Amino acid sequence: MLDPRAKPILLSPPHMSGAEQRYVEDAFRTNWIAPLGPNVDGFEREMSEYLGLGQHSARMHCCATSSGTAAIHLGLMLLGVRPGDAVLCSSFTFVASANPIRQLGAEPIFVDSDEASWNLSPAALRDAIATLDAEGRRPRALVAVDLYGQGCDYGSIEAICDEWDIPILEDAAESLGASVHGRRCGTFGKVAAFSFNGNKIITTSGGGMLVSSDAALVERARFLATQARETAPHYEHNVAGFNYRMSNLCAGVGRGQLLALADRVARRRAIFAQYEAAFATRAGVRFMPEPVWGRSTRWLTAMTIDPARAATTRDELLAALAAERIESRPTWKPMHLQPLFAGCRMFAHERGRKPVCERLFEQGICLPSGSSMDDADLTRVVGAIERAFAPSRAAVA
Ligand SMILES: *Cc1c(COP(=O)(O)O)cnc(C)c1O
């Protein structure tokens, strides 16, 4: 059935704008083939300008890093996370949100999603904080994750965290270009982390950015990320640092990518809209909702398939697409279900009920969403999904 020459359609491949090469060539011409350099400074400045365009009065300071994970690790250190601390974290996320908590010797405590945003549930967050408080513990920080291009309900989450004086680290790895209440993702919390991995909405081939309105905190991040070298003519060290800075070549790619961000968001939203128009009315199908208070980039189009009502299942659809060389993926497997985090505590959206994010994982699928997909690619994916839902197929099965 499958044309063996059919080209593979990937979930979210890199999409160059054409402007990247100019910056990379500048780096070659000036021999800035090193970590740090003018492209890194430029990329940080341009990200800071971009983040300042939203409805947010504070100026954002940026430190480009070798990965988003490195930015999360540094961010948690700067929030004072130490061995034995409790750190709250969204359960429904990629493992890189939670690994640095463990690597700092702290205890991750996972928090469920809500149905309205698929992101951190304010009800579960309140329950977690109150329960820990009754035990005489105060979480050192919260890692709030903006999933699939959509920000969290920061109106509620900031109010809760302010009440208890718990600093927020916004994991904005997936939400560059999104906003909540008109404010850009990456400007919430005490510190935020972006990722420019190859599959993200814009890429540097690999990299990240630590962001904060607190200039001193970002200064400290820069220090720690460059081996914590003290000012002295020789190499002098008082604390253990990291080699976590971005290379000048990668930053050049990032500068060219950032110029295209608005187009990338528009295209990903248009792709989502097409999938939604094609399948939203099918029995048992639900797309990731976009709450009224937020604007998502639709970095990845995600939907759930209820096996009790739909003509197919999530796993059948994954297999049907793979057979047509179309890459799709289950939604993130929640952290509290990972063997890595066995025994960690988890607070559900509703006490005594199955966590919302468990269903989102069991039924959830991410569809090809790359901004470089053309209309013919999209038609091919839609056709493949239609066939997976076809009654003849259900009758055979
Ligand atoms: C991609 C991602 C990260 C990690 O970023 P890297 O740049 O790959 O280290 C962290 N959190 C989330 C939610 C991500 O999607």
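Start at tyrosine 50: the charged end of arginine 184 sits over its ring, 4.0 Å from the centre. Here, "over" requires NZ of Lys or CZ of Arg within 6 Å of the ring centre and within 35 degrees of the ring normal. The model is predicted, so local features need pLDDT of at least 70 and side-chain atom pairs pLDDT 80 or more, while totals for chains, interfaces and linings use all residues. Numbering runs from 1 along each chain as its sequence is written, and side-chain values use heavy atoms, without hydrogens and water.

Next, select arginine 314. It lies over the face of phenylalanine 361, 5.5 Å from the ring centre.

Now the ring pairs. The whole structure holds eleven aromatic pairs. Rings of Phe, Tyr and Trp (its six-membered ring) pair if their centres lie within 6.5 Å; planes under 30 degrees apart are stacked, over 60 edge-to-face, the rest tilted.

Select phenylalanine 43 and phenylalanine 196. Their centres are 5.1 Å apart and their planes at 55 degrees, so the pair is tilted. Phenylalanine 43 is in helix H2 (residues 38–52), and phenylalanine 196 in the loop between strands E8 (191–195) and E9 (208–212), so the pair ties together parts 153 residues apart in sequence. Helices (H or I, at least four residues) and strands (E, at least two) are DSSP runs, numbered from the N terminus. Phenylalanine 43 has 0% relative accessibility and is buried. Buried means under 20% relative accessible area, exposed over 50%, partly exposed in between (1.4 Å probe, protein chains only). Phenylalanine 196 is also buried, at 0%.

Last, select Phe92, Phe94, Trp118, Tyr148, Trp299 and Trp332: ring pairs link them into a cluster.
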